[in-house]
Amino acid sequence: MGVSYTASVAGMRAFQALHLVRTDNIWIGIGRQSPWNETDTVPEVSGSSLLNEPIGYKKAEKVRFVIPDPEGDIIQFDQRWKIISEEEAVSGLVRWVYVAAWITGTELPAVSYRQSAIVTDLLLAETTLPGKLAVTAEEVSSHGYALVVNNRSPIHRTEDQREFLEFIVEF
């Protein structure tokens, strides 16, 4: 009998990245008001992590392919990234996607939160006005799928604050 090996390859990762860039239903969610534990020590994220205690979601304003570039404008964890076109990404089998959004003022509740996430396939409740770019958890009928979750120390939102949340997703 012959031998066979199967594994995901660069084309699979590039396909997943392309699907994310072409998806219109991408949101950045915030959640988790309650402390992590008695000392509020931030736990590591695991493969089974979810956006806990969702507070609200902001529609992603930028969903673009990126590549590492020492001259890039985007900085994440001491690494620089450059936005590239879809054509460049497809021909280079690029697997990195930049997702970002601003949360301003009273778009979402002024509370403390400990998680942020990239969420797709969010379904708005029937009573939610169409076209809203920021929704509370109560305005959602299905919280979709968390693709990336970030656990953190508390962020204290106030009504006069603007926050820029950004992620680099690697497939």
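Student: Is Met-12 buried, partly exposed or exposed?
Tutor: Keep in mind that this is a predicted model. Buried means under 20% relative accessible area and exposed means over 50%. Met-12 has a value of 40%, so it counts as partly exposed. You'll find Met-12 in helix 1, residues 10–22.

Student: Which residues form a nonpolar patch with Met-12 on the surface?
Tutor: Val-9 and Phe-15 do, and the three together have about 310 Å² of accessible area.

Student: Now the inside. Which residues of the largest nonpolar core touch the most other members?
Tutor: That core has 31 residues, and Leu-20, Ile-26, Ile-30, Val-63, Phe-65, Val-97 and Val-99 are the ones to look for. Strand 6 gives the most to this core, seven residues. A second, separate core has nine residues, including Tyr-57 and Val-119.

Student: How many residues of strand 1 are buried?
Tutor: Six of the six, so strand 1 is largely enclosed by the rest of the structure.

Student: How do I read its two faces?
Tutor: In a regular strand, side chains alternate between the two faces of the sheet. Here, Ile-26, Ile-28 and Ile-30 are buried on one side of strand 1, and Trp-27, Gly-29 and Gly-31 are buried on the other.

Student: Which residue stands opposite Trp-27 in strand 7?
Tutor: Val-119 does. Strands 1 and 7 run antiparallel, joined by six bridges. Strand 1 also pairs with strand 2 in the antiparallel sense, over five bridges, and there Trp-27 has Lys-59 as its bridge partner.

Technical notes:
Residues numbered from 1 in each chain as written. Predicted model: local features only at pLDDT ≥ 70, side-chain atom pairs only at ≥ 80, totals over all residues. Heavy atoms only, no water. Patch = residues over 30% accessible without salt bridge, like charges linked within 9 Å, V, L, I, M, F, W, Y side chains within 5 Å. Areas by Shrake-Rupley, 256 points an atom, 1.4 Å probe, with all protein chains shown as cover. Salt bridge = Lys/Arg side-chain N within 4 Å of Asp/Glu carboxyl O. Helix = DSSP H or I, 4+ residues; strand = E, 2+ residues; numbered from the N terminus. Buried < 20%, exposed > 50% of the residue type's maximum accessible area, 1.4 Å probe, protein only. Core = buried A, V, L, I, M, F, W, Y, C linked by side-chain atoms within 4.5 Å. Pairing = 2+ DSSP bridges.
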